Amino acid sequence: MEEINPYHVKDREHRGRDTILIVDDIEVNRIILQSIFERDYNLLEAENGEQAMVLLKQYHGNIAAVLLDLVMPEKDGYEVLQEMGANGLLDEVPVVVITADNSLEGELRAFDLGASDIIVK
């Protein structure tokens, strides 16, 4: 598996779980979330679910939470949740789904797959 060098890791010492992984294919959404959390957390960013899983496997010991979009290319948020569950990562890292889909079916599916919370954008 190739290592990804995250392009937004702040210059702080990595101690404990001090990192948030932002997963969204839309750059402006990642920038907005980055501006909210950059003072208090190191940040990792992924444009799709494939990148997210690589970063999770590499840095799961440092990640305090994942902010996860559901609709993305390559691997969507549901697939990320499913893979995280299969790998035992949901026991370590809470996932907050951030989505424009406010359907009951989408919410139930995300919670069934292990999401800790859902925020509708």
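Visitor: What relative accessible area does Glu92 have?
Guide: Happy to start there, with a predicted model in which local features need pLDDT of at least 70, side-chain atom pairs count only at pLDDT 80 or more, and totals for chains, interfaces and linings use all residues. Residues are numbered from 1 along each chain as its sequence is written, and side-chain values use heavy atoms, leaving out hydrogens and water. Buried means under 20% relative accessible area, exposed over 50%, and partly exposed in between, with a 1.4 Å probe and protein chains only. Glu92 falls in the partly exposed class, its relative accessible area being 33%.

Visitor: Which residue forms a salt bridge with Glu92?
Guide: A salt bridge here is a side-chain nitrogen of Lys or Arg within 4 Å of a carboxyl oxygen of Asp or Glu. For Glu92 the closest N and O atoms are 3.2 Å apart, and the partner is Arg17.

Visitor: Why does this pair tie together parts of the chain, and how many residues apart are they?
Guide: Helices (H or I, at least four residues) and strands (E, at least two) are DSSP runs, numbered from the N terminus. Glu92 sits in the loop between helix H3 (77–86) and strand S4 (95–99), while Arg17 belongs to the segment before strand S1 (19–23), so the parts they tie together are separated in sequence by 75 residues.

Visitor: Is Arg30, the salt-bridge partner of Glu47, buried or exposed?
Guide: Their side chains meet at 4.0 Å, N to O. This pair links distant parts of the chain, with Glu47 in the loop between strand S2 (42–46) and helix H2 (49–59) and Arg30 in helix H1 (residues 27–37). Glu47 is partly exposed at 36% relative accessibility. Arg30, at 5%, counts as buried.

Visitor: How many salt bridges does the rule give?
Guide: Another of them joins Lys121 and Asp69 at 3.7 Å, N to O. Lys121 is partly exposed at 44%, whereas Asp69 is buried at 5%. Shared partners also join Glu50, Lys57, Lys75 and Glu83 into one network. The count comes to 8 salt bridges.
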